[in-house]
Amino acid sequence: MITILFFANIREEVGSEKIELDVKEMTILQLKEHLQSMYQLKSVEHAMTAINESFVTDDGVVKENDTVAFIPPVSGG
């Protein structure tokens, strides 16, 4: 089981701040593709991703009991 946290507009697209998935291991890219098919997400592709509070790239591997966070880019003025 992995815990996935969503922030800002991604949270709005999913309709929840977190979900849990019953997976043993997958890459961040595989997880993004899975989430895009489940929720028709548009913005997760460009989100920063962290596993257990450490930023990773799409080839990072998520393992059982990890927490993944998707943080969309922010802008300000």
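Me: Leaving aside its neighbours within four places in sequence, which residues is isoleucine 4 in contact with?
Reply: This is a predicted model, where local features need pLDDT of at least 70, side-chain atom pairs count only at pLDDT 80 or more, and totals for chains, interfaces and linings use all residues. Residues are numbered from 1 along each chain as its sequence is written, and side-chain values use heavy atoms, with hydrogens and water left out. Contact means heavy atoms within 4.5 Å. With those neighbours left aside, the contacts of isoleucine 4 are Glu17, Lys18, Ile19, Leu21, Leu31, Leu35, Val68 and Phe70.

Me: What pLDDT does the protein average?
Reply: pLDDT is the predictor's confidence in each residue, from 0 to 100. Of the residues, 96% score at least 70. The average is 92.

Me: How many residues does the largest nonpolar core have?
Reply: A nonpolar core is a set of buried Ala, Val, Leu, Ile, Met, Phe, Trp, Tyr and Cys residues joined through side-chain atoms within 4.5 Å. Ile4, Phe6, Leu21, Leu31, Leu35 and Phe70 have the most contacts inside the largest one. Its total is 19 residues.

Me: Which elements give two or more residues to this core?
Reply: Helices (H or I, at least four residues) and strands (E, at least two) are DSSP runs, numbered from the N terminus. The contributors are strand 1, helix 1 (8-14), strand 2 (18-21), helix 2 (28-39) and strand 7.

Me: Is the pair of phenylalanine 6 and phenylalanine 70 stacked or edge-to-face?
Reply: Rings of Phe, Tyr and Trp (its six-membered ring) pair if their centres lie within 6.5 Å; planes under 30 degrees apart count as stacked, over 60 as edge-to-face and the rest as tilted. Here the centres are 6.3 Å apart and the planes sit at 15 degrees, so the pair is stacked.

Me: How many residues apart are phenylalanine 6 and phenylalanine 70?
Reply: Phenylalanine 6 belongs to strand 1 (residues 2-6). Phenylalanine 70 belongs to strand 7 (residues 67-71). The pair links distant parts of the chain, 64 residues apart.

Me: Is lysine 32 buried or exposed?
Reply: Buried means under 20% relative accessible area, exposed over 50%, partly exposed in between (1.4 Å probe, protein chains only). Lysine 32 lies in helix 2. Its relative accessibility is 5%, so lysine 32 counts as buried.

Me: Is aspartate 22 buried or exposed?
Reply: Aspartate 22 sits in the loop between strand 2 and strand 3 (25-27). Its relative accessible area is 64%, so aspartate 22 is exposed.
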